Amino acid sequence: MSMCMYRVRAQQKSIEGKFLMSAQQSDIQKHWKIIDSHVHVWASPEEAKTFPYFPGQEPATIGSSDLLLKAMEEGGVDGALIVQQISHMFDHSYLSRVLQMNPGKFVGCCLANPSDGVEGVSELEGLVTKEGYQAVRFNPYLWPSNQKMTNAVGKALFAKAGELGILVGFMCFKGLLQHIEDIEQLCGEFPRTRVLIDHLGFCKPPLNDSEMRAWECLLGLSKYPQVYVKLSAFFRTSREQFPYEDLWPLFRTIIATFGPKRLLWGSDFPFVVDECGYTNARRVLELAKYDIGITDEDMQWIMGETAMQLFKGRWVPV
């Protein structure tokens, strides 16, 4: 046997062994609520006749609520935070219907409308007070050209979120370094507004100075008590395939820095389905547990308890 083949088989056995330990832990963890902090849904092609897609943002994959419910059942996930995606842009009617049809299962995160004027603030207040949304996503790439999230509209939206008691989620798809100044300024000026950083801030395991700066900036956000981080969408930040072992050292560091009570697991459904699959996304931290020293209590917080504390009363504890 060549040395290369030996290493491949050794790695396969290592992963199989971790799966076995993960399976042995599943019985212990059945009393935990597992909450997915990051999923998306949009209308199926048939549903889109009633809930049309935003022009130019037609989805390339299926992301219906029925598919999500099936994936959650198969993966042993009890509830989820659904984040409005640009396939329906600022039309929340499909997501609102999903929330209404599944009380106690889902919490809604709407999409901030940062257009010039006061419409976005009034829309946000209506979605929260009339339709029960509990978070709002700031997508910086929807801001008017050459404007930052710290412009007058951005500050008004961020302040209103704090006033309403909802969380603001930041989606830094093109890199945290592009947006860290805005995030820090908003957190500093409006400390009552709680914040969610999506997908590890899109930080990859650092291989150069720029990536190291981004990672250090993410860790630096721990100085703001209102900031929480989603350990989610591992396929977006890892350079490896499942189980994304290059991220495991980052997990160890961020748990030590923020503490498990400020971290939340998330899948990034439905995009994760064509990557490692939904159930495997749920298993990543279980597989990493013994290598990086995650305790049972840490797991309980990251996999669900943090979300239940942030969105009190939305998911009933077991």
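**Notebook: strand E3 and the cores**

I began with strand E3 and found three bridges joining it to strand E4 (residues 135–138), the two running parallel. Strands here are DSSP runs of at least two residues and helices (H or I) runs of at least four, numbered from the N terminus, and two strands pair if DSSP finds at least two bridges between them. I noted that this is a predicted model, where local features need pLDDT of at least 70, side-chain atom pairs count only at pLDDT 80 or more, and totals for chains, interfaces and linings use all residues. Residues are numbered from 1 along each chain as its sequence is written, and side-chain values use heavy atoms, with hydrogens and water left out.

Next I looked up partners. Cys110 has Val136 in E4 as its bridge partner. On E2 (residues 79–83), I found four bridges to E3, again in the parallel sense. There, Leu81 stands opposite Val107 of E3.

Then I turned to the nonpolar cores (buried Ala, Val, Leu, Ile, Met, Phe, Trp, Tyr and Cys residues joined through side-chain atoms within 4.5 Å). The largest has 85 residues, and Phe251 is among those with the most contacts inside it. Helix H10 (residues 278–292) gives this core its largest share, seven residues. A second, separate core of 15 residues includes Leu81 and Cys109.

Definitions and conventions. Buried means under 20% relative accessible area, exposed over 50%, partly exposed in between (1.4 Å probe, protein chains only).
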